[in-house]
Amino acid sequence: MTDMTTLQARTGTSSSSTDFSSSVMTIEIGPAHPAMHGIVRFTTKLDGELIVEMEPEIGYLHRGFEKESENSKWIQVIPYTDRLNYVSPLLCNIGYSMAVEKLYGIQAPRRAEFTRVIMGEISRITDHLTCVGAAAMEIGAFTFFLWFIKAREYLWELVEEMTGARLTTNWTRFGGNSMDLPDGFLSDLEDRLSKLESIMEECDKLLTRNKIFIDRVKDVGAISKEDALSYGFSGPMLRACGIPYDVRRADPYSVYDELDFEIPVGSTGDCFDRFLVRMEEIRQSTSIIKQAADKMPAGPFMTDERMLHYPDKKDVYGNIEGLIDHFKMVMEGHHPPEGEIYMPTEGGNGEFGFYLVSDGSGDPVRVRLRPPCFNFVQAMPIMTVGHYVADIVPIFGSINMIGGELDR
Amino acid sequence: MDFLLEIIMTPAILACLKIAVIILLFAMPLGTLLTLMERKWSAMIQDRVGPNRANIGKFTGNGLLHIAADGLKSIFKEDTIPKGANGFLYLIAPFFGLIAAVAIFAIIPIAGPIGNFTFQVTDVNPGLLFIFAITSLNVYGAVLAGTSSNSKFALLGGTRASAQMISYEVFMGLALMGIFMVYGTTRVSGIVNGQNEYWFGNLVPMWGIFTQPLGFILFFTALVAETKRAPFDAPEGESEIVAGYFLEYSGMRWSAFMLAEYVSLVGVAALMTTLFFGGYHVPWLHLWENAPQWIVTILQILKFTFFTVVFCWFQIQLRWTVPKFRFDQTMGLGWKKLLPLSLVNIIVTALVILTLA
C-alpha cells in the first residue's frame with residue numbers, strides 16, 4: 001500500500017487533491033511524454049510555472065551495448081554501433097572502425113577515407129536536421145520539421161544507395177569499407193545537396209528571423225563556458241558557448257586536415273546559438289562533402305592486408321592460404337594486438353569516443369563508449385532551473401538527446 | 001396551410017427553426033469539415049498527402065470519410081473518469097466550451113432581412129456585449145476540466161487557460177470600442193448596416209477593416225487567443241503539458257473539446273466577417289437597381305460564407321506557419337503591448353470622430 005502511494009506521488013496522480021495547494025508541485029515529465037524523444041524522465045519541482053528543481057533519470061533504453069560487445073567478436077560490434085546514435089549511424093560505424101584501426105595501427109586506403117568523410121558528413125547533416133527540426137517542431141513550428149524531414153529523406157536515400165539500409169547500415173570494416181561508391185553516386189550526391197541547400201534556404205527564411213521563435217529560444221537554457229567545460233560538453237553544445245573545440249580540428253583524424261572548413265561558434269550558449277551553430281554546421285558539412293567528392297582518389301576501398309580483409313572467393317576456393325585465412329577469420333575473428341586506446345571522433349552531438357581494450361585474444365575485453373549527450377543530460381538541471389516549464393522543451397530539444405547513445 | 005405558416009411564424013418557433021438552420025446547417029457542418037480541412041491544408045503546406053485511407057469499399061471521398069470514422073471512433077470509445085476526479089464537474093466541463101462556441105452564432109446575421117424575416121436568430125439590444133458574456137463562459141470549460149481531472153498537467157493547462165482567457169477578454173472589449181464608436185451602436189444589425197455606406201462616392205465601402213484597421217488586428221489577435229488556437233495555444237501546450245486541461249478526457253467528451261475548438265474557429269471567422277468585412281452585405285450590389293430579392297439573398301449568403309471560409313483558412317495557415325508563444329509571453333503580449341495599443345486606438349478613433357463631427 002505504501003508502495004502504491006509513493007508510486008502515485010511519483011507519477012503525479014496522487015489521489016488527494018489537497019497537495020495541489022502546496023506551493024511547490026512535483027511533476028513527472030516522462031518517461032512517456034511527447035517531448036521526451038528517446039526515453040528519459042525529469043522529476044521536476046515547479047513553483048507555479050517556474051522550475052525550482054529538476055532531476056534527470058536515465059537508463060530507460062539501456063540495452064547493455066558495452067557488455068554485449070565483450071561477448072562478441074570485434075567485427076560483430078559494428079552492427080551494434082548502428083543503434084547507438086540512430087540518427088547518424090554511419091558516424092558511429094566510422095568511430096568504432098577507426099578506433100579498432102588505431103588499435104591495429106593501420107589506416108584505411110585513401111579512397112575509403114574520403115568515402116567515409118562523405119558518408120560521415122551526410123550523417124552529421126541528418127543528425128543536425130533531425131535535432132533542429134524536432135526542437136522547432138516542439139515549440140510549434142511543425143511545418144519546418146516536416147520540411148527538414150523531407151531534406152533528410154533525400155540524404156537517407158543516398159545512405160541507402162551506399163549501404164543498402166537507412167538505419168542499420170553496418171557499413172565500415174576494419175581497414176576500409178564494405179562497399180565502394182555505387183555507380184552514379186557522386187552525381188546523385190550533387191543533385192541531393194542542391195536540393196538540401198534550397199530547403200535550407202527556405203527554412204532559414206521561415207524561422208531564423210521569426211520573432212516568436214527567437215523569443216522562445218533566445219536566452220533560454222544558456223550555459224557559461226566554464227560550466228560547459230566542467231560538465232564535459234563537446235560538439236555543437238560547446239561551440240555554441242564560444243569554444244571552437246571540434247575533434248576534426250583539435251585532433252585531426254581521417255583526411256579532415258586536407259579539407260577546408262570553418263568551425264562555427266556561438267557566444268552565449270543559449271538555445272538560439274545552438275540552433276545557429278547547427279544550421280551553419282549543416283552548410284559547412286555540405287561544403288566538406290563537395291570538397292571530398294572533388295578530391296575523391298581512385299584506388300582500393302578496402303585494405304588487402306592479411307587477416308583484416310576477407311580473402312577473395314577465388315583465393316578461398318583456389319589455394320590453401322586463402323581457405324585457411326577465411327576459416328580463421330570466420331571462426332576466430334580479428335585479432336587486434338594487445339593494448340588499450342581511446343579514439344575520439346566528432347559525432348553528430350560532439351566527442352564520440354571509443355575506449356577499447358584488447359588482450360589479443362580475438363574478443364574485446366572492454367568496449368567503452370563516451371556518449372556526448374550523457375554530459376548534456378547531466379547539465380539539464382543547471383540549464384533549466386529558473387526557467388519556465390515550457391522552456392524544458394526547447395532546451396531538451398537543443399541538446400539532441402539520443403537514447404541509444406546515452407543509455408547504450 | 002395558413003395555420004401551419006402561422007405556427008411557424010410565431011417568434012419562439014421561428015427562433016428555434018433559425019437556431020436549427022444556422023447552427024446545424026452552417027456552424028456545425030463547417031466546424032466538422034474543418035477538422036478534416038485543417039489536416040488537408042496543413043498537408044498541402046507540408047508537402048504531404050494528408051488523411052486519405054478511410055474507405056467504404058473503394059470509395060474514400062478523398063479523405064472525407066475520415067470525419068465519419070473519427071466520429072464513430074470517439075462514440076465507441078470508453079468514456080473514462082480518472083480516479084480521484086470530481087465526477088460531476090468532470091463530466092459537464094466539455095460542454096461549456098461547445099455551448100459558448102455555438103452561442104456566438106445566435107447574433108450573427110448570415111443574410112439581409114426579407115420583410116420582417118431576418119436571417120439572424122436574435123438581434124439583441126446589447127449586441128456584441130452578448131458575445132463578451134458568452135465567451136467568458138468559455139473559461140469555465142477549461143477551468144473546470146483542468147481542476148476536476150485530478151491531473152497536474154491538466155491543472156497547469158487549466159490555470160494557463162483561465163489566466164489567458166480572462167486577460168484577453170479585457171482588451172478584446174477595448175479593441176471593439178472603436179467599432180462601437182464608428183457605427184454608433186452595439187447592435188449587430190446596426191454595425192452591419194453601417195458598413196454598407198460608402199466613401200468617395202461609391203468607391204470604398206465603409207467596412208470595419210477600413211475604418212478600424214488597428215482595431216481589426218487587435219480584435220483578431222484577441223479572438224485567436226480567446227479560442228486558444230496557435231500561436232496562443234499555451235493552455236494546450238502539446239509539447240510540455242501534453243494536452244493541457246483536456247488531457248484526461250477520452251471518447252466523445254474529448255471530441256466535444258475538439259468540436260468546440262473548430263466551431264469557435266468558425267465563430268471567430270463569422271464574427272470577423274460580420275464586424276470588419278461588411279457582414280452579409282455584398283459591396284456595390286446597390287448599383288444593380290431592382291435586383292430580384294432571391295438573387296440578392298443568395299449572393300449575400302455566398303459572400304458571407306466565402307469570407308468566413310477565408311478567415312478559417314487564415315487561422316489554419318497561421319497555426320501551421322508560426323511557432324507557439326510561451327505562456328508568459330502570451331500574457332506579456334496581451335497586457336504590455338495589445339492593451340496599450342487598444343487604448344491608443346480608442347483615443348485616436350475618438351479624436352477623429354470628434355474632428356469630423
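Me: In which hand does α12(A) pass α17(A) in a crossing?
Reply: This is a predicted model. In it, helix α12 (residues 271-295) of chain A packs against α17(A) at an angle of about 35 degrees, with the axes 10 Å apart. The crossing of α12(A) past α17(A) is left-handed.

Me: Which residues of α17(A) do A:C271, A:R274 and A:F275 meet?
Reply: Those three residues sit in α12(A). The residues of this contact divide into 4 nonpolar, 1 polar and 1 charged. The partners in α17(A) are A:P394, A:I395 and A:S398.

Me: Is α4(A) oblique or roughly antiparallel to α5(A)?
Reply: Take helix α4 (residues 89-104) and helix α5 (residues 110-138), both of chain A. Their axes come within 7 Å and cross at roughly 135 degrees. Roughly antiparallel needs an angle over 145 degrees. So α4(A) is, to α5(A), oblique.

Me: Which residues of α5(A) make the contact with α4(A)?
Reply: α4(A) passes α5(A) in a left-handed crossing. From α4(A), the contact takes A:P89, A:L90, A:L91 and A:I94. The contact divides into 5 nonpolar, 2 polar and 2 charged residues. On the α5(A) side, the residues are A:R116, A:M119, A:G120, A:S123 and A:R124.

Me: How far apart are the end C-alpha atoms of α5(A)?
Reply: α5(A) has 29 residues. At 1.5 Å a residue, α5(A) should span 42 Å. The model agrees with that: the end C-alpha atoms are apart by 42 Å.

Me: How many of the 29 residues of α5(A) are buried?
Reply: A residue is buried if 20 or more other C-beta atoms lie within 10 Å of its own. By that test α5(A) is mostly covered. The number of buried residues is 26.

Me: Which residue just after α5(A) takes a positive phi?
Reply: Look just after the end of α5(A). The phi there is about 110 degrees. The residue is A:G140.

Me: Which residues of α7(A) are buried?
Reply: Helix α7 (residues 185-207) of chain A has 23 residues and should span 33 Å; its end C-alpha atoms are 32 Å apart, which agrees. What covers its buried residues includes α5, α6, α8 and α12 of chain A. The buried residues are A:L189, A:R192, A:L193, A:L196, A:C203 and A:L207.

Me: How many residues of chain B are in contact with chain A?
Reply: Chain A gives 30 residues to this contact. Elements of chain A that give two or more residues are β1 (24-29), α5, α6 (142-163), α8 (211-217) and α17 (392-399). By class, the chain A side has 17 nonpolar, 8 polar and 5 charged residues. For chain B, the number in contact is 28.

Me: Are α5(B) and α6(B) roughly parallel or roughly antiparallel?
Reply: Helix α5 (residues 128-148) and helix α6 (residues 152-183) of chain B have axes that come within 7 Å. The axes cross at roughly 170 degrees. Angles over 145 degrees count as roughly antiparallel. The two helices are therefore roughly antiparallel.

Me: How many nonpolar residues does the contact of α5(B) with α6(B) have?
Reply: Residues of α5(B) in this contact include B:L128, B:F132 and B:V139. Those of α6(B) include B:L155, B:M165 and B:I166. The contact also has 10 polar residues and 1 charged residue. Its nonpolar residues number 12.

Me: Is B:N150 buried or exposed?
Reply: B:N150 lies in the loop between α5 and α6 of chain B. Its phi is near 55 degrees, a positive value in a residue other than glycine. B:N150 has 21 C-beta neighbours inside 10 Å, so it counts as buried.

Me: Is B:D47 buried or exposed?
Reply: B:D47 is in the loop between α2 and α3 (65-76) of chain B. Phi of B:D47 is positive, near 60 degrees. B:D47 has 11 C-beta neighbours inside 10 Å, so it counts as exposed.

Me: Which residues does B:F219 touch, not counting residues up to four places away in sequence?
Reply: B:F219 is in helix α9 (residues 213-226) of chain B. With 29 C-beta neighbours inside 10 Å, B:F219 counts as buried. The residues touched are B:M172, B:A175 and B:L176.

Note on methods: Residues numbered from 1 in each chain as written. Chains lettered and ligands numbered in written order. Predicted model: local features only at pLDDT ≥ 70, side-chain atom pairs only at ≥ 80, totals over all residues. Axes fitted to C-alpha atoms, helices over the stretch in contact; angles between N-to-C directions. Helix = DSSP H or I, 4+ residues; strand = E, 2+ residues; numbered from the N terminus. Parallel < 35°, antiparallel > 145°, perpendicular 65-115°, else oblique. Left-handed = near helix turned anticlockwise from the far one by under 90°. Contact = placed C-beta atoms within 7 Å. Nonpolar A, V, L, I, M, F, W, Y, C, P; charged D, E, K, R; others polar. Expected span 1.5 Å × (residues − 1). Buried ≥ 20, exposed ≤ 12 C-beta atoms within 10 Å, placed from the backbone.
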